[in-house]
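Colleague: I have the file open and a few questions about it. Can we go through it together?

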Amino acid sequence: MDGSVPEPPEDEPGEVVDPRAVDLVLRVGELLLASGETTERVNEAMLGLAVAYELPRCEVQVTLTSLLVSAHPGGGAAPMTGTRAIRRRTPAYWRLAALHQLVQDASIGMLELDEAHKRVAEIKRGRPPYPSWLLVVSLGLIAASGSVLSGGGPLVAITAFFATLLGDRAAAYLARRGIAEFFQLTVAAAIGAAAAAVVVAMGNPGQAATIVTGAILALLPGRPLVASIQDGITGDLVSAGARVLEVFFMIAAIVAGLGAVVYIAVSMGVQVNVRHLPAPAADLQPVAVIAAAAISLTFAISLAAPRDVLTAVALGGGLIWVLYVVVRGWDVPPVLAAAMAATVVGVLASWLARRHGQPVMPYVVPTIGPLLPGTALYRGMVELNTGDPSTGVLSLIGAVSVALALGAGVNLGGELVRAFQRVGLSASGRWARPAARRTRGF
C-alpha cells in the first residue's frame with residue numbers, strides 16, 4: 001500500500017550434492033569407456049549410479065574422449081559439474097564385468113558410497129586374468145588359427161604366428177617411442193605381408209595368402225566396429241562418428257602397410273597373383289570349425305575377457321562359421337550371409353549376457369572374429385598393385401561391407417533381445433530409451 005517493492009520470497013534450501021558421488025560417477029564412466037564399452041552402456045551405468053547415490057536432477061554427457069556430469073540442487077544453489085577426459089583406451093573386458101557388477105550392487109542399495117570408492121580403486125589397480133605373455137601370444141594364435149581357417153597347414157600357421165608376433169612387438173616398440181597408432185598398424189601389417197612375399201619368392205604362392213590372411217585378422221578392428229554401429233543405432237551420433245572414423249583409419253593403416261609391401265614385391269619381380277588366394281570353405285570340415293572356435297577363443301584372451309566367458313565365446317565362433325557356410329550354400333551373397341550369421345549369434349550372446357548379468361561386449365566382439373574379412377582386404381591390395389585397380393576397389397568395398405554387416409548383425413541380435421526385456425535400464429519401451437522415439441530425422 002505504501003508503494004514499496006515487495007521483497008522476493010526466500011528460496012527453499014537446495015538439496016545437498018555429495019562431491020564424492022559425482023567423482024564416483026565420473027571414475028566409473030571413465031573406466032568403462034576406456035575399457036571398450038559402448039556409449040549407451042556407459043551412459044546407463046553413470047545414470048544408474050547417480051540415482052543410487054541421490055544426485056539431484058543429474059545430467060550425463062558421454063562422448064568418445066570426454067565425460068561430463070552435472071547435478072542441480074535447485075533452490076537457487078549453484079549446480080555441481082565435473083568432467084574428465086579419456087586419454088587412453090585399452091580393451092580390458094574383465095574390468096567391464098567387474099564394473100557392471102559394481103553398478104548392479106549400487107543400484108539395489110547393497111553398496112555404500114565409501115565401499116564403492118574402494119571397489120573402484122581395486123578394479124583400477126587390478127590385473128587381467130591372464131599373464132602378460134599370454135596376451136601377446138594370443139595375437140599370434142589368432143593369426144595361426146586364421147591361416148588354418150583359410151586352408152593353410154602347420155608350417156603356414158607357424159609362419160603366420162611368428163610374423164604376427166614380430167609385427168606386434170615392432171608396433172609396441174614404436175608406441176614406446178611415441179609414434180602414432182596409425183603407423184604402428186601400418187608397420188605390423190607390412191611385416192605380415194612381407195612374410196607372405198618371402199614365401200611367394202621361395203616358390204609357394206598358394207601358402208602366402210593364408211599367412212597374410214591370418215596376420216591381417218589379428219589387426220582388424222572388430223571391437224571399435226561393433227561399438228561404432230551400436231552407438232549409431234542408439235542415437236549417440238557424435239561417438240558413432242568418431243568410432244567410425246577410428247575404424248576407417250585403422251583399416252587405412254592396414255591397407256597402407258599391405259599395399260606398400262605388395263607394390264615393392266611386384267616391382268622386384270615377385271609373382272603375386274590373386275589366383276593363388278584361398279577360396280572360402282565350401283563344406284563344414286572339422287578342422288575349419290575348430291579353427292573358427294580357436295580364433296574367437298584367442299580373440300577373447302587378447303581382449304582380456306573374463307575366464308567364465310571363454311567357453312561360450314569358443315562355441316559362438318564355431319557356430320557363426322557353421323551358419324555362414326550353410327547360408328552361403330544357399331547361394332546367398334557374402335555380405336547378407338555374414339549379417340544373418342551375426343544376427344543369430346548376437347541374439348544368443350545378448351540373451352546369455354543378460355541371463356548372467358554381464359556386459360554383452362565380451363561375448364559378441366570375439367565371436368565375429370572368424371568372419372572378419374582378412375582375405376578380401378589382401379585380394380583388393382593385390383589387385384590394386386597388379387594392374388586391376390577397378391576390381392581392387394570393389395574388393396576393398398566388399399571387405400568393408402562384410403565388416404559392417406557383422407557389426408550390424410550382432411547389434412540387431414541385441415535389439416531383438418531388448419524388445420522382450422521387461423525390467424531394468426535395458427528394458428523395452430520408449431521410456432527406457434530416448435533413441436527409441438520416432439523423430440524421422442527431425
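Colleague: Where is T38 found?

Modeller: T38 is in the loop between α1 and α2 (39–52). This is a predicted model, in which local features need pLDDT of at least 70, side-chain atom pairs count only at pLDDT 80 or more, and totals for chains, interfaces and linings use all residues. Residues are numbered from 1 along each chain as its sequence is written, and side-chain values use heavy atoms, with hydrogens and water left out. Helices (H or I, at least four residues) and strands (E, at least two) are DSSP runs, numbered from the N terminus.

Colleague: Is T38 buried or exposed?

Modeller: T38 counts as buried, at 2% relative accessibility. Buried means under 20% relative accessible area, exposed over 50%, and partly exposed in between (1.4 Å probe, protein chains only).

Colleague: What is T38 in contact with?

Modeller: Leaving aside neighbours within four places in sequence, T38 contacts A227, Q230, D231, R243 and M361. Contact means heavy atoms within 4.5 Å.

Colleague: Which residue forms a salt bridge with D231?

Modeller: R243 does, with the closest N and O atoms 2.6 Å apart. A salt bridge here is a side-chain nitrogen of Lys or Arg within 4 Å of a carboxyl oxygen of Asp or Glu. D231 lies in helix α9 (residues 222–233) and R243 in helix α10 (residues 237–267), so the pair ties together parts that are 12 residues apart in sequence. D231 is buried at 0% relative accessibility, and R243 is buried at 2%.

Colleague: How many salt bridges does the structure hold?

Modeller: The structure holds 9 salt bridges. One of them joins the side chains of R84 and E30 at 3.0 Å, N to O. R84 sits in strand β3 (residues 80–85) and E30 in helix α1 (residues 19–34), so this pair ties together parts 54 residues apart in sequence. R84 is partly exposed, at 24% relative accessibility.

Colleague: And D168, what does its side chain meet?

Modeller: The side chain of D168 meets that of R169 in a salt bridge at 2.8 Å, N to O. D168 counts as buried at 19% relative accessibility, while R169 is partly exposed at 41%.

Colleague: Change of topic: helix packing. At what angle do the axes of α12 and α13 cross?

Modeller: The axes of helix α12 (residues 310–328) and helix α13 (residues 334–355) cross at roughly 150° and come within 9 Å. Axes are lines fitted to C-alpha atoms, for helices over the stretch in contact, and angles run from 0 to 180 degrees between N-to-C directions. α12 and α13 are therefore roughly antiparallel to each other (angles over 145 degrees).

Colleague: Which residues of α12 make the contact?

Modeller: On α12 they are A312, G316, L319, I320, L323, Y324, V327 and R328. The α13 side includes P334, A337, M340, V344 and L352. The residues of this contact divide into 16 nonpolar, 1 polar and 1 charged. Ala, Val, Leu, Ile, Met, Phe, Trp, Tyr, Cys and Pro count as nonpolar, Asp, Glu, Lys and Arg as charged, and the others, Gly among them, as polar.

Colleague: How many helices and strands are in the chain?

Modeller: The protein chain has 16 helices and 3 strands. Buried residues make up 52% of its 442 residues.

Definitions and conventions. Parallel < 35°, antiparallel > 145°, perpendicular 65-115°, else oblique.
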